[in-house]
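This report looks at one residue and then at the chain around it. Keep the sequence and the structure in view while reading.

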Amino acid sequence: CFHPLHLTRAGASMAAMVRNGEGNLRGVNVDSYEGQQAEGKTHGSGKQIYPNGDSYEGQLSEGKRHGEGKYTSSSGNIYEGQWAKDQKHGKGKYIVANVY
């Protein structure tokens, strides 16, 4: 389900509509996404919620976690730091949820 977005036309074909701007989406690998998009991919700042309950909030580039971001697992564990091409990369910290 796609909600209001700025749509730009690529070429003369209406079939070639490309999503750009702010918006919401739902997909196969991401239960929901709210944030910026470019060329039909998550790009810029946004928040993703995954089907298993995990979430990511931060920078994205071409559909991948890239830059500063915070990943929270459904169990409450958190990784906050740098990402590159969907992988933890650079400085960051883990916060482990208390399990009692």
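## Asp 54 and its surroundings

Apart from neighbours within four places in sequence, Asp 54 is in contact with Gln 48, Ile 49, Tyr 71, Thr 72, Ser 73 and Ser 74; contact means heavy atoms within 4.5 Å. The model is a predicted one, in which local features need pLDDT of at least 70, side-chain atom pairs count only at pLDDT 80 or more, and totals for chains, interfaces and linings use all residues. Residues are numbered from 1 along each chain as its sequence is written, and side-chain values use heavy atoms, with hydrogens and water left out.

Asp 54 lies in the loop between β4 (41-49) and β5 (55-61). Strands are DSSP runs of E of at least two residues, and helices are runs of H or I of at least four, both numbered from the N terminus.

Is Asp 54 buried or exposed? Asp 54 is buried, because its relative accessible area is 9%; buried means under 20%, exposed over 50%, and partly exposed in between, with a 1.4 Å probe and protein chains only.

## The whole chain

The protein chain has 0 helices and 8 strands. Of its 100 residues, 29% count as buried. Among contacts between residues at least 6 apart in sequence, 3% join residues at least 24 apart.
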